[in-house]
Amino acid sequence: MTAPPLLQLRDLSVDFSTDMGIVHAVDRVSFDIGTDEIVALVGESGSGKSVIAQAIMGLLGVGGAGRNARTSGQLRFRGRDGAAIDLLTLDAEERRRLRGRDIGMVFQEPMTALNPVLTVGEQIAELLRVHAGLTRAQAAAEAVARLAEVGIAAPAERAKSYPHQMSGGMRQRVLIAIAMACQPLLLIADEPTTALDVTVQAQILELMRTLKRRTRMSVLFITHDFGIVAELADRVVVLYAGRMVEEGSATDIFASPRHPYTEGLLGAVPRLDLASDTIGAVAILPGTAPDPLAFPAGCRFHPRCTHARPGLCDGKAPAMTALAGARRFACHVRASA
Amino acid sequence: MLRYLAGKGFRSVLTVFAVLLITFVAARISGNPFQFLYDDGLTQEEQAALDQEFGLDRPWPAQFVSYLGQIARGNFGRSIAQRRPVVHLYAEAIGPTLRLAALSFLATVAIGLPLGLTAALARHSALGVAAMGVAFVGYAVPHFLLAIILILIFSFYLNWLPSIGSETWWHFIMPTITLSAGLIAAIARYLRGEMLGVLSQDFVRTARAKGLPESMVIGKHAVRNALIPVITVLGLKFNGLVSGSLIVETVFSFQGVGQIFIGSVQLRDYPVLQFGVIAFALTVVVVNFLVDALYAVVDPRVRRSG
Amino acid sequence: MASLFEASAAATPARRRRPLPAYVIILMVIGAVLVLNALLAPWLAPFDPDTTRLLRRLRPPSWLGGPSESWFGTDQLGRDLLSRCIYGLRTSLGIALVGTLIGCAVGTTIGLISGYLGRAVDTVLMMLVDIQIALPYLLLVLVGIAVLGTDLSVLILLISLHSWENYARLVRGQVLAVRALPYIEASEALGASTIRILFRHVLPNIASPLLVMLTLNFPAILLLESSLSFLGIGVQPPTASLGRMVGEGRHQMLAAWWLVVAPAALILMVTLTAQLLGDWLRDRLDVKTEK
């Protein structure tokens with residue numbers, strides 16, 4: 001990888017203050033997303049992966065539950081002019097202009113992520129008017145072209161449809177068209193296929209691969225499904241309870257996972273023909289995800305870890321151990337082995 | 001869709017008919033108009049002559065059938081007390097009532113919607129809490145109390161506004177406030193709740209992720225969705241609005257249709273009473289139709305399935 | 001027909017118990033004081049509320065230079081205002097409570113029958129709901145009083161007719177929803193009795209929205225009674241009622257403002273308390289209202 005990375009996360013932390021106390025949802029996470037690279041961010045629900053996505057998007061500060069969020073660290077982003085800026089130092093207006101234009105996002109729930117009272121054409125067109133300054137007519141025509149691009153048949157008619165007239169797979173294509181409308185440098189996909197059935201899942205993944213090849217954008221793909229990771233990702237970052245536990249190329253991680261948690265997850269990979277991802281994952285890993293209000297001391301995984309050593313793993317948090325080939329992992333036991 | 005409309009239309013006609021029938025019978029059970037008009041008593045002959053003049057000597061079913069025939073020809077009869085066509089009585093009084101209704105509706109929309117939006121968008125600031133407080137008080141204070149409080153302050157204490165009558169625009173200020181306060185509060189409370197619900201929905205997050213300016217996220221994506229159920233509430237509140245206007249007209253001595261209507265109940269002036277009920281029931285039906293139609297305009301999900 | 005309430009039936013098990021917010025405790029205390037006042041009226045009221053003393057008419061409250069034994073002053077017939085307020089509270093709370101409960105019972109029953117029997121019965125009963133909506137309620141009351149007289153029981157009956165249709169629609173919707181569940185269909189096929197299904201499956205499901213509806217309906221009914229009494233067609237003299245006291249007092253508003261202010265303040269206190277508690281209960285039980 002010769003080009004400098006598109007996005008560098010450095011010690012990214014996100015705390016939420018809630019009625020019950022402070023939740024350290026993301027704790028000093030650092031990794032890079034290279035140009036033209038697909039990075040998979042893997043973890044169970046509650047591991048902080050969606051929070052990282054929202055932090056990159058700059059959506060934590062606005063409305064909803066994010067009101068009480070505090071973000072620290074650095075998000076160094078190389079824009080279209082090649083200069084790196086820390087996203088966290090930008091003001092709200094500057095971040096808004098990056099959203100949708102340089103960073104696009106596809107969400108998990110195609111059934112609810114589209115506005116029910118606007119035509120899908122308009123939902124794409126408004127974005128082009130805002131970011132690219134197109135006129136109403138230009139934007140409408142462009143929206144039809146974008147729909148065609150994501151493989152929607154009869155795009156001119158479909159542009160006039162409302163979301164409730166479309167299937168889940170089609171809506172997800174529309175959401176991808178929205179995220180890709182301004183040809184962003186980075187696409188964040190937050191479990192975009194979880195809510196879809198298996199055949200549609202495969203189609204959507206194929207579409208994303210095609211689009212990625214054509215546009216050479218970078219992708220941050222969030223999932224808890226190692227089956228998808230294997231199909232799609234160049235590199236993998238594994239999260240557990242808000243902390244990074246392992247990072248490496250997809251090939252390396254699949255060949256020799258270092259962290260016991262990664263091992264557990266890999267053991268839980270669903271076969272595509274079974275495709276009941278969560279059930280598998282729960283069955284293999286003993287115990288349940290920890291309470292975010294009271295994460296265990298030391299290595300947060302130690303209560304569920306079969307290799308855990310008392311006095312070592314419950315003491316202080318494990319540091320990252322670096323290996324050759326840009327591999328890193330955080331485990332007391334494996335680091336000393 | 002046509003079948004749906006036809007079915008709804010048929011039900012509405014049936015409802016209006018039933019309401020009329022109930023009123024027709026109940027009014028006749030409750031007493032004869034001439035007992036109230038001439039409270040020093042009538043002789044048997046005088047009573048019989050009057051009954052005959054207005055056709056009240058015939059059996060009720062016969063009266064009802066001929067009344068139906070009459071109104072089918074557009075003739076709503078004459079007032080027994082005033083011996084003038086019913087329609088004229090109402091026509092003379094409809095002006096102030098309509099003006100009051102229109103002003104109250106305008107006030108409701110012009111104040112209620114911004115108040116609800118403020119309460120939702122600024123819910124963590126003093127402004128939002130204040131907006132909600134205003135809405136809450138408006139919601140829990142009954143028409144008659146508000147009217148009394150307003151009169152006490154603005155007519156008696158400050159001497160700024162006239163407390164009775166409907167001659168000038170000044171006369172409409174307190175009645176409008178009285179009548180619309182509850183509605184404003186209801187709309188504001190409801191819109192706030194809807195907005196908070198909509199703001200946490202996925203499509204609003206999508207709109208933000210698209211980098212749309214916040215004004216567009218709120219104005220275009222959130223508000224439109226939040227307004228849809230508010231329309232239903234406006235429709236549901238209509239009956240209450242009419243009852244409220246009866247009270248407002250009484251308190252402020254307004255010469256509106258409410259006064260004529262209440263008078264007709266007290267005097268058992270059957271034709272006037274019946275016309276009032278028909279007009280009210282028809283208005284409810286029309287309002288419901290309008291609400292449905294408006295719903296279809298703003299919510300594409302209803303358009304096809306309806 | 002959309003049901004007015006939608007309960008999120010999926011309970012949230014074992015959520016951390018949150019303590020009652022301070023304002024709720026204060027409201028509960030105020031509510032309890034008001035209710036106790038109403039219950040203990042004969043012992044608390046310093047005077048008989050109906051005894052007129054024409055020599056002591058329209059006296060201001062004692063702290064404004066009025067007679068020392070009349071804290072709130074006296075009315076146009078020389079009756080002690082404080083005593084009348086206490087008894088008026090008793091009347092208004094009592095009527096509102098009974099009216100609310102009857103309305104709830106009638107509406108719930110009609111909703112159950114309508115939803116369960118379906119077909120013709122349902123059509124007729126829902127027609128009744130439509131009529132209720134299309135009929136000016138005030139007319140219903142006026143005619144009802146004209147036909148049946150101004151007795152207190154008539155008033156309660158008419159008042160209880162005010163919002164039965166809300167309950168009916170809520171319950172009917174729930175019955176229809178529950179009946180469509182596969183296991184209910186199965187137990188019906190197995191011969192479980194109608195009554196059993198209604199009581200075992202339907203009522204527990206609507207307990208929360210029903211409770212919230214009751215709590216929020218109560219202040220509305222109380223305001224209704226006050227409004228009717230204010231207009232002179234509700235509670236009849238000499239019985240003290242808060243609404244009637246405001247209605248009679250308004251003619252003396254210039255000379256004796258306290259006649260209006262004292263009962264008006266009480267009405268506000270009762271309705272605001274009930275309304276706030278109802279709102280809190282709704283949020284707490286997570287019931288969605290559409291009204």
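In chain B, B:Leu115, B:Thr118 and B:Ala119 of helix 5 meet B:Leu127, B:Gly128, B:Ala131, B:Met132, B:Val134 and B:Ala135 of helix 6. Here, two residues are in contact if their C-beta atoms, placed from the backbone, lie within 7 Å. Helices (H or I, at least four residues) and strands (E, at least two) are DSSP runs, numbered from the N terminus. By class, this helix contact has 7 nonpolar, 2 polar and no charged residues. Ala, Val, Leu, Ile, Met, Phe, Trp, Tyr, Cys and Pro count as nonpolar, Asp, Glu, Lys and Arg as charged, and the others, Gly among them, as polar.

Before going on, please keep in mind that this is a predicted model, in which local features need pLDDT of at least 70 and side-chain atom pairs count only at pLDDT 80 or more, while totals for chains, interfaces and linings use all residues. Residues are numbered from 1 along each chain as its sequence is written, and chains are lettered from A and ligands numbered from 1 in the order in which they are written.

Back to the helix pair: the axes of helix 5 (residues 86-121) and helix 6 of chain B come within 7 Å and cross at roughly 135°. Axes are lines fitted to C-alpha atoms, for helices over the stretch in contact, and angles run from 0 to 180 degrees between N-to-C directions. The angle makes helix 5 of chain B oblique to helix 6 of chain B (under 35 degrees would be roughly parallel, over 145 roughly antiparallel, 65 to 115 roughly perpendicular, and the rest is oblique).

Helix 6 (126-140) of chain B also belongs to the elements that give two or more residues to the side touching chain C. That contact takes 36 residues from chain B and 34 residues from chain C. Helix 1 of chain B provides the largest share of the chain B side, 10 residues. By class, this side has 28 nonpolar, 7 polar and 1 charged residues.

Chain B meets chain A too, with 27 residues of chain A in contact with 21 residues of chain B. On the chain A side, helix 3 gives the largest share, 4 residues. The residues of this side divide into 14 nonpolar, 7 polar and 6 charged.

Chain A also holds an open sheet of 8 strands in the order 6-7-8-3-9-10-12-11, with mixed pairing; two strands pair if DSSP finds at least two bridges between them. Strand 6 (103-106) and strand 11 (321-323) of chain A stand at the edges, each with a single partner strand, so one side of each lacks a neighbour in the sheet. Within the sheet, strand 3 (residues 38-42) and strand 9 (residues 235-240) of chain A run parallel, joined by 4 bridges. A:Ala40 has A:Val236 in strand 9 as its bridge partner.
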